[in-house]
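Thanks for coming. I will talk about aromatic rings and a cavity, and I will start with the cavity.

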Amino acid sequence: MTAPDSPVSSSMSTARSAEVMARSRARFPGGVNSPVRAFRGVGGDPIVAARGAGARVWDVDGNAYYDYVLSWGPLVLGHAPPVVLEAVAAAMRDGTSFGMPTEREVQLADLIAARMPHIEMVRFTSSGTEAAMSIARLARAVTGREHLLKFEGCYHGHADSFLVKAGSGVATLGLPDSPGVPEALAKLTLTCAYNDLEAVERIARSVPLAAIMLEPVVGNGGYIEPQPGFIAGLRRIADETGALLVFDEVMTGFRIAWGGAAECFGVTPDLTALGKVIGGGLPVAAYGGARALMERIAPTGPVYQAGTLSGNPLAMAAGIATLGALTREVHDGITTQTAALVQGLRDIAARHGVPFTASHTGSMWGFFFHPGPVHTFEDAKQSEVPLFRRFFHAARRRGVSLAPSAFEAAFMSSAHGPAEIADTLTRLDDALGAAVAERD
Ligand SMILES: *Cc1c(COP(=O)(O)O)cnc(C)c1O
């Protein structure tokens, strides 16, 4: 298998994918093990992945796609990078799990602290959900307060406290806040619009907040950037009102800047959640911050949190290899390619005369069929979603995999070079032409 199908191919075979999905639907709700994979936001059958290499993924029918989902963010070096495969294989030969401290854990923590010096101490978990959930518990324990403030369209995993005006699949599916979340708990999570500093100020001065938590650049409500002064304003309000400032960098970490949001925006959080990139495609997440806060966690402190597979050696090896390869130079190179893709898309949209706004921070990017600016999730919802759906399917038929939702960010990897970007843009130009023709 070499290059993806010709850009004009619209008759790709998907028989084998359909067969696997039929079996999956009998076994898994919606045929999937995480809702966003089910393509409910765009309709049609998911891509059933068989393998990936570099910038591309192949489905079980042998169709190739340039991949801008990249496992929803983790694969910053692309699919199956040899440096990660070799590290995982080497770790595996020593054993897959110990339930004992290992040296690899401290190696990965050192790599994180070198990039985010405010993370003096870390606790590894297996998912971002666990990291965010544990941060809520720690923030409540440290402050003796119960309320959290989050932003509409931001996603912090699926723990009860965060399924309130949440982004990601909750936004894509247009779901109300989830049944099964006790009202008493949901009431402790307050929300306001992203970028609305006045609303934050009003809430923080009337309710004692344990934490103000945000995605420093939103990816789960579509790609939305913080306005100048927003994050610094949150830092000031948190300091003035005794709340902790929490950056959920599960998506942004090691994507928006080499040193993450603190480097990008010059604001230091009290606690940080990490995930995705730090596991290089294996299940790893983490939370961390200053020693004094983190020592409140068991066993040094009373705040309980644990995990049988936390700090798993295969996952640590993948993370060490990934962050090790992601030097400043490599990070900057991915950023340059991302800028080229985003500019190319703007040019294409202008030629086709559709309302469009696109942007990126580092290797995280996104677009809306909306004239812009998009500062809040409400703005994002005003975008032309039916056109997105047509564009998504037209792109897919032309061998480009975009997130199957108008409300998800996109990603880039070091394996997406100038040739891949140019080829992608040719295909997307053709796809947008087809989508616009269907729209009229
Ligand atoms: C993906 C994500 C999570 C949840 O991480 P999981 O590993 O899927 O549990 C939390 N916060 C943000 C910002 C995310 O993007």
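How do the residues of the lining of the largest cavity divide into nonpolar, polar and charged? Seven are nonpolar, two polar and one charged. Here Ala, Val, Leu, Ile, Met, Phe, Trp, Tyr, Cys and Pro count as nonpolar, Asp, Glu, Lys and Arg as charged, and the others, Gly among them, as polar.

Some housekeeping. This is a predicted model, where local features need pLDDT of at least 70, side-chain atom pairs count only at pLDDT 80 or more, and totals for chains, interfaces and linings use all residues. Residues are numbered from 1 along each chain as its sequence is written, and side-chain values use heavy atoms, with hydrogens and water left out.

A cavity is a set of points, on a 1 Å grid over the protein atoms alone, where a 1.4 Å probe fits but cannot get out; lining residues have an atom within 4 Å of a point. Volume is the space filled by probe spheres set on the points, which are joined across faces, edges and corners. The structure has four cavities of 30 Å³ or more, and the largest holds about 90 Å³. Its lining includes Phe 367, Phe 388 and Glu 408.

Phe 367 and Phe 388 also belong to one aromatic cluster, with Phe 356 and Phe 369 among the other members.

Now the pairs: the whole structure has 14 aromatic pairs, meaning rings of Phe, Tyr and Trp (its six-membered ring) with centres within 6.5 Å; planes under 30 degrees apart are stacked, over 60 edge-to-face, and the rest tilted. Phe 151 and Phe 230 pair edge-to-face, 5.5 Å centre to centre with 75 degrees between the planes. Both Phe 151 and Phe 230 are buried, that is, under 20% relative accessible area with a 1.4 Å probe, protein chains only.

Terms used:
Buried < 20%, exposed > 50% of the residue type's maximum accessible area, 1.4 Å probe, protein only. 1 Å grid on protein atoms, 1.4 Å probe; cavity = no way out; pocket = protein on both sides within 12 Å on 5 of 7 lines; lining within 4 Å.
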